[in-house]
Amino acid sequence: MTGLIFAMRRVPQFLAAFALAVAAVVMTSPAPASASPVAAPAKCPAFVLSDAVKEPLVFHARVTGPGKAGAKGQVVYPVTVVKALKGVTGGSNLDVALNPGVCQKKSLTANEDYYFFVQKKGGTILAAGSAPRVEEYTDKLQAEIAKEFPEVIAPEPQQVSFSEPASPEGQKLVEVAAPGVALVVVGILGLIIVMILGRRKAS
């Protein structure tokens with residue numbers, strides 16, 4: 001009987017020790033790792049003309065209609081080449097597919113002009129790559145491209161106009177020459193009159 005009482009006294013002590021051990025494990029166990037923050041996407045690269053002109057097809061074209069859905073999420077636009085710089089012929093009607101990448105131009109406006117720096121993949125003219133490959137036409141961009149293709153984009157010829165000399169030297173020259181011209185005219189008229197009179201006397 002004494003042994004049973006002793007065993008019953010040991011049970012609560014054992015349970016208490018077990019509870020303390022469990023609590024210690026819970027306290028010392030590492031906390032669950034928090035989810036790492038999602039890294040922000042890198043900024044899209046800026047348009048660099050010296051790199052863009054290395055593409056096999058470079059041209060200035062006008063968009064002639066709305067875009068249509070193409071393969072792999074691409075949007076295809078009909079364009080007419082205004083100025084062919086490399087790889088195409090002026091006046092050509094082409095279909096250009098915009099790459100659906102995050103750094104690509106998502107849409108083009110009908111009846112607006114753009115510069116295209118693109119490549120041909122199979123039967124598709126694709127504006128692809130990690131950098132922008134389509135730029136809106138501006139006078140500044142036109143001037144920069146003229147430096148890259150001087151043999152194609154020639155400066156417009158300057159109009160030359162002629163006017164009367166406005167300098168004092170020019171006016172003096174006119175004043176000096178005028179009396180001489182008048183004397184020559186008078187001399188010719190006098191010669192004609194003498195010849196007419198001479199013919200009459202002879203007859």
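Colleague: Glad to have it in view! Is D113 buried or exposed?

Modeller: Bear in mind that this is a predicted model. D113 has a relative accessible area of 16%. Buried means under 20%, so D113 counts as buried.

Colleague: Thanks. Which element holds D113?

Modeller: The element spans residues 113-121, and D113 is in it. Of its 9 residues, 7 are buried, leaving it mostly covered. The place of D113 is therefore a mostly covered element, namely strand 5.

Colleague: What salt bridge does D113 form, and how far apart are the closest N and O atoms?

Modeller: Side chains of opposite charge can pair when their charged atoms come close. D113 forms its salt bridge with R62. Because D113 lies in strand 5 and R62 in strand 1, the pair ties together parts that are 51 residues apart in sequence. The closest N and O atoms are apart by 2.6 Å.

Colleague: Is R62 buried, partly exposed or exposed?

Modeller: The relative accessible area of R62 is 40%. Buried needs under 20% and exposed needs over 50%. R62 lies in between, so the term for R62 is partly exposed.

Colleague: Which side chain joins that of D113 in a polar contact?

Modeller: Leaving aside neighbours within four places in sequence, D113 is in contact with H60, A61, R62, V82, E136 and Y137. One of these has a side chain joined to that of D113 by a polar contact of 2.9 Å. That residue is H60.

Colleague: Nice. Which residue is the bridge partner of Y115?

Modeller: Strand 5 also pairs with strand 7, residues 134-136, in the antiparallel sense over 3 bridges. The partner of Y115 is in strand 7, and that partner is E135.

Colleague: And in the hairpin of strand 5 and strand 6, which residue takes a positive phi?

Modeller: Strand 6 covers residues 124-127 and pairs with strand 5 in the antiparallel sense over 3 bridges. Within this pairing, K120 stands opposite I125. The hairpin has 2 residues between the strands, and the positive phi, near 70°, belongs to G122.

Colleague: Let's move to other charged pairs. Which residue meets E55 in a salt bridge?

Modeller: The structure holds 3 salt bridges. In the one with E55, the N to O distance is 2.8 Å, and the partner is R133. E55 lies in the loop between helix 2 and strand 1 and R133 in the loop between strand 6 and strand 7, so the pair ties together parts that are 78 residues apart in sequence. Both are buried, and the name you asked for is R133.

Colleague: What is the relative accessibility of K54, which meets D51 in a salt bridge?

Modeller: The side chains of K54 and D51 meet at 3.8 Å, N to O. D51 is partly exposed, with a relative accessible area of 40%. K54 counts as exposed, its relative accessibility being 63%.

Colleague: Last one: how many helices and strands does the protein chain have?

Modeller: From the N terminus on, the elements run α-α-β-β-β-β-β-β-β-α-α. Of the 203 residues, 22% count as buried. The secondary structure comes to 4 helices and 7 strands.

Methods:
Residues numbered from 1 in each chain as written. Predicted model: local features only at pLDDT ≥ 70, side-chain atom pairs only at ≥ 80, totals over all residues. Heavy atoms only, no water. Buried < 20%, exposed > 50% of the residue type's maximum accessible area, 1.4 Å probe, protein only. Polar contact = N/O pair within 3.5 Å; in protein donor to acceptor, adjacent residues only side chain to side chain. Contact = heavy atoms within 4.5 Å. Pairing = 2+ DSSP bridges. Salt bridge = Lys/Arg side-chain N within 4 Å of Asp/Glu carboxyl O.
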